Amino acid sequence: MNALQLQGTSDEAIPTLTDAIPAIIDGVTVAGLFLVSFAVLYWLGKSVVIGLTERALERRGFNQGLISLARSIVSALVLLGALALAATIAGFGMVLVALSALGGAVVLAVGFAAQDLIANFVAGIFIVKDEPFTVGDTIEWDDNRGIVRDIQLRVTRLETLDNELVTVPNSDLANSVLVNSTRKGSLRVSYEFGISYDDDIERARTAIIDEAERVPGALADPAPSVAVTDLGDSSVVLSGRLWIDPIEHRPPAARTAFIEAVKERFDAEGIDMPYPHAELAGAVTIDERAEAKSA
């Protein structure tokens with residue numbers, strides 16, 4: 001083979017710019033079709049689907065927290081749907097199938113690795129939807145107590161009575177027996193006082209009610225009350241009760257003020273508050289035989 005033949009073969013193997021122009025045009029056309037399709041589909045999805053979702057939830061009376069969550073989820077679904085449809089229109093079907101398979105595997109792996117995170121997220125959705133408590137409510141769960149300060153999809157932040165900020169996973173709250181002390185608008189504060197059997201019950205009842213009415217935050221309706229609840233071994237037990245607004249006044253503070261005020265009133269009026277005690281009865285005998293034997 002001579003040099004002329006080698007040169008001809010080399011020139012034929014190298015593509016020219018003219019040969020590449022159709023491929024470039026096809027690539028630009030496909031990319032442009034994908035971008036235009038995606039933009040149109042995404043705009044239509046946000047304008048129509050998200051708007052319809054928000055209006056449907058508002059008509060059903062859902063709160064803004066749940067509506068905001070639904071807006072975020074629908075926005076993500078619209079984005080994924082627009083990408084999938086645009087890729088199909090542009091002819092990226094095979095690539096889309098491969099990416100879907102890869103995405104499914106990734107989602108499965110992440111799901112196993114983040115089970116607690118997903119559980120907290122789902123629990124947060126139900127908390128926002130069912131509203132067992134809202135911001136400002138005082139709740140009790142698993143021997144804990146706190147005021148709700150912030151509700152998020154993964155955690156809920158509460159302020160304890162010691163002014164500590166506690167972050168609780170939503171799944172813990174969703175799976176626990178929960179007591180909401182503020183949902184009904186008023187809360188009863190009570191304490192059992194013991195008086196001597198020799199003291200007058202009506203006199204003690206009047207003193208307790210009088211001091212209960214003076215407790216800061218005590219409501220006039222329902223009015224404070226006193227009831228005899230037990231006849232103990234060393235005292236007659238009177239249960240003093242008053243009602244407060246738990247949002248405006250903390251129950252432990254009201255209870256402490258109530259106990260202290262009644263104790264001082266009983267001391268001032270000479271009403272005895274006996275503590276439990278036991279009396280020993282009988283006689284002590286001496287074994288004379290033991291004394292004689294030891295002598």
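Q: Two strands are said to pair if DSSP finds at least two bridges between them; with that rule in hand, which residue is the bridge partner of tryptophan 141 in S2?

A: In this model, which is predicted, the bridge partner of tryptophan 141 in S2 is asparagine 144. That bridge belongs to the pairing of strand S1 (residues 138-141) with strand S2 (residues 144-151), which runs in the antiparallel sense over four bridges.

Q: What do S1 and S2 form, and how many residues stand between them?

A: S1 and S2 form a hairpin with two residues between them, and in the turn aspartate 142 has a positive phi of about 45 degrees.

Q: Which other strand pairs with S1, and in what sense?

A: As a general idea to keep in mind when reading a sheet, the side chains of a regular strand alternate between its two faces. In the present case S1 also pairs with strand S5 (residues 178-180), in the antiparallel sense and over three bridges, and within this pairing glutamate 140 stands opposite valine 179 of S5.

Q: Turning to the aromatic rings, how many aromatic pairs are there?

A: A pair of aromatic rings is described by two quantities, the distance of the centres and the angle of the planes. With ring centres required to lie within 6.5 Å, the count comes to three aromatic pairs. One of them joins tyrosine 191 and phenylalanine 193, whose centres are 4.9 Å apart with 65 degrees between the planes, and this pair is edge-to-face, because planes over 60 degrees apart count as such.

Q: Is tyrosine 191 buried, partly exposed or exposed, and why?

A: Tyrosine 191 counts as partly exposed because its relative accessibility is 29%, a value between the cut-offs of 20% for buried and 50% for exposed. Phenylalanine 193, by contrast, counts as buried because its relative accessibility is 1%.

Q: Which parts of the chain does the pair of phenylalanine 193 and phenylalanine 258 tie together?

A: Phenylalanine 193 and phenylalanine 258 form an edge-to-face pair, at 5.5 Å centre to centre and 85 degrees between the planes. Since phenylalanine 193 lies in strand S6 (residues 187-195) and phenylalanine 258 in helix H8 (residues 251-269), the pair ties together parts that are 65 residues apart in sequence. Both of these phenylalanines are buried, and together with Tyr191 and Phe266 they form one aromatic cluster.

Q: How many helices and strands are there in the protein chain as a whole?

A: The protein chain has nine helices and eight strands, and 26% of its 295 residues count as buried. Among contacts between residues at least 6 apart in sequence, 64% join residues at least 24 apart. The chain exposes about 19,500 Å², of which carbon and sulfur atoms supply 60%.

Definitions and conventions. Residues are numbered from 1 along each chain as its sequence is written. This is a predicted model: local features need pLDDT of at least 70, side-chain atom pairs count only at pLDDT 80 or more; totals for chains, interfaces and linings use all residues. Side-chain values use heavy atoms; hydrogens and water are left out. Rings of Phe, Tyr and Trp (its six-membered ring) pair if their centres lie within 6.5 Å; planes under 30 degrees apart count as stacked, over 60 as edge-to-face and the rest as tilted. Buried means under 20% relative accessible area, exposed over 50%, partly exposed in between (1.4 Å probe, protein chains only). Two strands pair if DSSP finds at least two bridges between them. Contact means heavy atoms within 4.5 Å. Accessible areas come from the Shrake-Rupley method with a 1.4 Å probe; for residues, only the protein chains shown count as cover.
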